[in-house]
Amino acid sequence: MPLVIPDADGGILAHPDESSTLVPDVRSPVFRQPVGRHPPVVEEAVSALAVADGLGPLNRYASIEPIQFSNAGGVYLATSHDGLKSILKEARPHAGLDASGLLAPSRLRQEHTNLLRLQNSGIVPGVLDFFQVSGHDFLEMQYVEGVSLLERTSRLCPGLDPTGSADARISYAVETLHLLRQLVDCVEHLHSMGVVFGDLHPGNVIVTSGNDVVLIDLEDGRAPESRTLGLFNAIGYAPPAGFTAAESDWFSLSRVAMSAFEPAFAREILSPDVWPQLIERVADLYGPDVEAFISELESRFRDHSAVRLLRPESPPNLAQIDATTTDRTIARVMARSLASLSREHCLGDPLDTSTLRRFSYVNGTAGLATALHRSQVGVPADMVSGLTTAYLTSGAELGLFDGLAGIAATLSELGQHEAADLTCKTVQRAAGRVRSVGLARGLAGIAVQQIDYDLDFAVYTAHRATRRSHTDLAQDSLGRAPGLWRGSAGLAFAQALVGKAAEDAYLMDSALESLAMDRRRRRDSRPGVAGLGECDGRRTFPYLENGSAGYLIAYSALRLHDLIDGSSAYEDDVEAFMTACTSDLYAFDGLLRGRAGILAGLQSVSPWFDVATSMREQASHLRRSLVSWNGGTFSVGDQLLRLSTDVGTGSAGVLLMLLSLDEGTPLWLPGLINSRVRPRYEGR
């Protein structure tokens, strides 16, 4: 069992230092001398690895910086003593076994062979050297300065820019088609030289500052006419069964082209009738030249309606929803669809390993039961029965969204008051072991749930969360995961609600301080478009869980309870966070990391800001993304590879958001919490 530092959401992998104190276990692709005493066998291994004299050719570099690493080996940026940069790709012995039985060294040698065939073509990095150190193979290649096509799309695609204009779309289309036509030439040249790409996706295409394209990661050893299944295709770019290697490249390129204009195109894997919709959309937004280019690529391979990787045998189709259908009607149709499924079908995040994942509000039956109940669809008795005994689960999580606090709130709403009381008491008895201060799984969420059960305990818990938030470990945790779910914004939300309910000045003042902490984590992806930045500041997010929408919800709770007024210095930040919630494109539909959560953020500020048009547009996008399957209407889950029924990523969360729009109140929250943040519009 791994050692973790418990005073943080989810825990931090750790190891003991020389004084037996747990410290973060920092993983890296380069060898670091471990501290402390170790068993003799470990000491011998450390001594062997620490010998620098055996590094041979690696000694000619002044520095070697890791870019990425895996079990198969690493990729490094090497700088020579005279300042020249190159790329080192490592293949470790006896590692990286693939489905065809090839190990990492075999694939690296194949890449070396492919690059030599294409040497001086200008479409791949030049080969500088190939050598071995301590059994590890290294391919040294020319350093190509630029960004991946994937990164270029995320930076420049107008659909991801809420401030984008029609002129920007036209300019982007012209520049992007220039790059894509170069890719066509590249693939034609590869095939003429007897080489296939085999793993063509935007991350393997480098765009230079001169707007030229360079291909990387050419490990495929098949001939163009081979029908052997490729092994490297990224999800979404993998071809249908039966394609030749050459056809596979053209198929992948058609998806690369679409991804440059519609980054969420991979939804077509699950639902094949999405593709014609995408073609129509890019033609409308970017012009007929883009449509014609993709159509020409499709003419280079056979019909692609054949079996696709990860596509179900009976795939869903886009739901045909009349524009006049109300949100409540759609929500009730979805609720009846959920009720007709076999219990727990498509429920929950497959990666959730928590004890209560089957019952929790965000990923389990508590959230599903809430969605059915609020849609006035009967909750199955066996679902209720499972929730009433969840408190008996050994070592159960206690949080609002991942544990017993959320289940207690659901049981109370369902009229299961005795079971709710037992569950609340269990939460109170065990709350002392909770280390997280977050809203989703920590003390903040427990405090909010307890307001309507035991206000004194709610205040005590909120005070405890506030004091703990000032510790170094909690500050580190809050900084690593800003936002509503695990960050300071969620703590501020709880402090505001509990503080106002108890008229506790300490908590209300603390709410302002906590919100200010996440306000300082604002990062602008574009001028006037703000998200919350990760601790390293490289990525920002607009979502409810960890970004702009969640910040807006916390801000709204404070403003609704008169802790912030309209003249506040927060307004510039709020405008920038709101703008981040008005993009055309969001990859997923769900509440935590998708469009439903974006809508929740916009709705929360609607009493004070004119977001009606943006809300209508986002709601329209959300309705058009729904799918029909087995006679029911559902939402596609995160990663776009499966239907999902839960609150966090799937249909239950989407239908609760549609109900929220219909009733003008945040019905996506568990229990009675929504009544404490119900918008007031009389002042507008």
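Cavity, pocket and packing

User: How many residues does H19 give to the lining of the largest cavity, to which it gives the most?

Analyst: This is a predicted model, in which local features need pLDDT of at least 70 and side-chain atom pairs pLDDT 80 or more, while totals for chains, interfaces and linings use all residues. Residues are numbered from 1 along each chain as its sequence is written, and side-chain values use heavy atoms, without hydrogens and water. Helix H19 (548–560) and helix H21 (595–605) each supply at least two lining residues, helices being DSSP runs of H or I with at least four residues and strands runs of E with at least two, numbered from the N terminus. The largest contribution to the lining of the largest cavity is that of H19, with 4 residues.

User: What is the volume of the largest cavity?

Analyst: A cavity is a set of points on a 1 Å grid over the protein atoms alone where a 1.4 Å probe fits but cannot get out, whereas a pocket is an open set with protein on both sides within 12 Å along at least five of seven lines; lining residues have an atom within 4 Å of a point. There are 4 cavities of 30 Å³ or more. With points joined across faces, edges and corners, and volume taken as the space filled by probe spheres set on them, the largest cavity comes to about 140 Å³.

User: Which residues lie closest to the centre of the largest cavity?

Analyst: Its lining has 12 nonpolar, 3 polar and no charged residues, where Ala, Val, Leu, Ile, Met, Phe, Trp, Tyr, Cys and Pro count as nonpolar, Asp, Glu, Lys and Arg as charged, and the others, Gly among them, as polar. Of the 15 lining residues, the closest to the centre are Ile553, Ser556, Ser604, Pro666 and Val677.

User: How much space lies in the largest pocket?

Analyst: The lining of the largest pocket divides into 26 nonpolar, 14 polar and 9 charged residues. The space in the largest pocket is about 1,800 Å³.

User: Which of the 49 lining residues are closest to the centre of the largest pocket?

Analyst: Elements giving two or more residues to this lining are helix H3 (149–156) and strands E13 (522–526), E14 (529–533) and E15 (540–541). The residues closest to the pocket centre are Ser154, Leu160, Phe541, Tyr543 and Ala587.

User: Is Arg464 buried or exposed?

Analyst: Arg464 belongs to helix H15 (residues 455–468), and its side chain reaches the backbone oxygen of Gly432 at 3.0 Å. Because buried means under 20% relative accessible area, exposed over 50% and partly exposed in between (1.4 Å probe, protein chains only), Arg464, at 12%, counts as buried.

User: How far apart in space are Arg676 and Leu560, C-alpha to C-alpha?

Analyst: Arg676 is in helix H24 (residues 673–676) and, at 26% relative accessibility, counts as partly exposed. Beyond four places in sequence, its contacts (heavy atoms within 4.5 Å) include Ile451, Asp452 and Leu560. Arg676 and Leu560 are 116 residues apart in sequence, and their C-alpha distance is 9.1 Å.

User: Within what arc do the buried residues of H8 fall?

Analyst: In helix H8 (residues 288–298), the buried residues are Val290, Phe293, Ile294, Leu297 and Glu298. They line one face of the helix, because, seen down the axis of H8, they fall within an arc (taken from the directions from the axis to the C-beta atoms) of 140°.

Conventions. Polar contact = N/O pair within 3.5 Å; in protein donor to acceptor, adjacent residues only side chain to side chain.
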